[in-house]
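Here is a structure to read step by step.

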Amino acid sequence: MRQKKTPSPEVGSSGEATGLLWVDSHCHLDDQAFAADLAEVIERARSAGVQTMICPGTSAASSQAVVKLAQSWPGLYAGVGIHPNAAFEASPLDWEQICLLARQPGVVAIGETGLDRYRDFTPLETQMEFLDRHVRLAQELELPVILHCRDAEEELLTALHEAAERGPVRGVWHAFSADLEAAYEAAELGLYISFAGSATYTNKKFEPLREAVVCTPDDRLLLETDSPYLVPEPLRGKQERNEPAHVLLVAQRVAELREQSLDHLAAIMRANAQRLFDRLGSP
Ligand SMILES: [Zn+2]
């Protein structure tokens with residue numbers, strides 16, 4: 001039997017329960033880092049009030065794994081896609097598999113896709129081509145797209161503006177790390193902005209990101225852990241692995257920066273997740 005925690009408005013240093021319900025809009029629970037203790041990780045998340053976890057795929061195999069997770073665990077949902085850093089090794093069959101998986105129960109998004117010029121494992125041209133495929137598939141199936149972007153804000157926004165000429169582009173810019181201007185432009189395009197552990201970092205280099213946290217409109221904001229990556233403060237450097245329960249630490253910092261209550265933030269998080277990932281909760 002697990003212990004019941006009394007609701008409290010404070011979040012502890014390790015992200016204890018607040019009595020509120022949260023969404024982790026991006027966590028890689030199929031990662032090897034969770035192979036040994038996934039059940040405990042999910043249990044800790046639930047105890048902390050993290051009711052909904054969205055797990056994006058990063059390759060055909062990973063997409064298959066997250067679909068299986070979504071079909072096995074209540075509260076877990078999948079995105080299917082090939083990460084820009086994995087696109088260089090994707091075969092035509094892999095893409096066919098993504099298109100098939102996209103129609104499976106438990107799938108609420110296409111992705112993650114996007115552009116990454118920081119780690120250029122895949123030539124940019126190939127990344128652009130994969131981004132285009134993902135966005136078209138998302139538009140065809142009327143699913144939101146999960147976007148990753150590092151050092152390629154302009155290219156990403158240009159590609160999405162082009163896509164928007166064909167029809168609405170719904171999606172989320174995950175682990176947002178760009179500046180206010182990019183956040184505004186993305187919001188104007190119809191995208192949601194999801195903040196991760198990097199929003200809790202205090203270094204000067206993250207100042208533009210903090211500005212984006214403060215100014216992103218309520219109805220465009222999402223939170224995530226990007227587990228097992230991006231361990232938030234104050235656990236950063238003390239813990240190797242991030243996990244969905246820690247979305248509360250991101251929430252606490254974002255609430256402070258935006259001068260909003262955790263109650264308010266939790267409520268808008270749930271409403272936004274439900275609006276964007278509109279297949280959440282469907283069988
Ligand atoms: Zn990711």
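The dialogue below goes from the sheet to the helices and then to the salt bridges.

Q: What kind of model is this, and how are residues numbered?
A: This is a predicted model, where local features need pLDDT of at least 70, side-chain atom pairs count only at pLDDT 80 or more, and totals for chains, interfaces and linings use all residues. Residues are numbered from 1 along each chain as its sequence is written, and side-chain values use heavy atoms, with hydrogens and water left out.

Q: How do I read the sheet, and in what order do the strands stand?
A: Start with the terms. Helices (H or I, at least four residues) and strands (E, at least two) are DSSP runs, numbered from the N terminus. Two strands pair if DSSP finds at least two bridges between them. Here eight strands form an open sheet, in the order 1-2-3-4-5-6-7-8. The pairing is parallel.

Q: Which strands stand at the edges?
A: Strand 1 (22-24) and strand 8 (221-223) do. Each has a single partner strand, so one side of each is left without a neighbour in the sheet. Across this sheet, neighbouring strands are turned by 30° against each other on average, direction ignored. Axes are lines fitted to C-alpha atoms, for helices over the stretch in contact, and angles run from 0 to 180 degrees between N-to-C directions.

Q: Where do side chains point in a strand?
A: In a regular strand they alternate between the two faces of the sheet.

Q: How many bridges join strand 1 to strand 2?
A: Three, and the two strands run parallel. Val23 stands opposite Thr52 in strand 2. The chain goes from strand 1 through helix 1 (residues 38-47) to strand 2, in a right-handed β-α-β crossover. Right-handed means that, with the strands pointing away from the viewer, the path from the first strand over the helix to the second runs clockwise.

Q: Which strands follow strand 4 and strand 5 in the pairing?
A: Strand 4 pairs with strand 5 (residues 145-150) over five bridges, in the parallel sense. Gly114 has His148 of strand 5 as its partner. Between these two strands the chain passes through helix 4, and this β-α-β crossover is right-handed. Strand 5 then pairs with strand 6 (residues 171-173) over three parallel bridges. One of its residues, Val145, partners Gly171 in strand 6.

Q: Is strand 4 buried or exposed?
A: Buried means under 20% relative accessible area, exposed over 50%, partly exposed in between (1.4 Å probe, protein chains only). Ten of the ten residues of strand 4 are buried, so the rest of the structure largely encloses it. In strand 2 (residues 50-56), six of the seven residues are buried, so that strand is largely enclosed too.

Q: How do helix 2 and helix 3 pack?
A: Helix 2 (residues 60-72) and helix 3 (residues 92-101) pack at about 20°, with their axes 9 Å apart. That makes them roughly parallel. The scale is this: under 35 degrees is roughly parallel, over 145 roughly antiparallel, 65 to 115 roughly perpendicular, and the rest oblique. Helix 2 passes helix 3 in a left-handed crossing. A crossing is left-handed if the near helix is turned anticlockwise from the far one by less than a right angle, and right-handed if clockwise.

Q: Where is Gln97?
A: Gln97 lies in helix 3. Its relative accessible area is 24%, so it is partly exposed. Gln97 and Gln64 are 33 residues apart in sequence and 8.5 Å apart in space, C-alpha to C-alpha.

Q: How many salt bridges are there?
A: A salt bridge is a side-chain nitrogen of Lys or Arg within 4 Å of a carboxyl oxygen of Asp or Glu. By this rule there are 13.

Q: What does the salt bridge of Glu155 and Arg117 tie together?
A: The two side chains meet at 2.8 Å, N to O. Glu155 lies in helix 5 (residues 153-166) and Arg117 in the loop between strand 4 (107-116) and helix 4 (124-141), so the pair ties together parts 38 residues apart in sequence.
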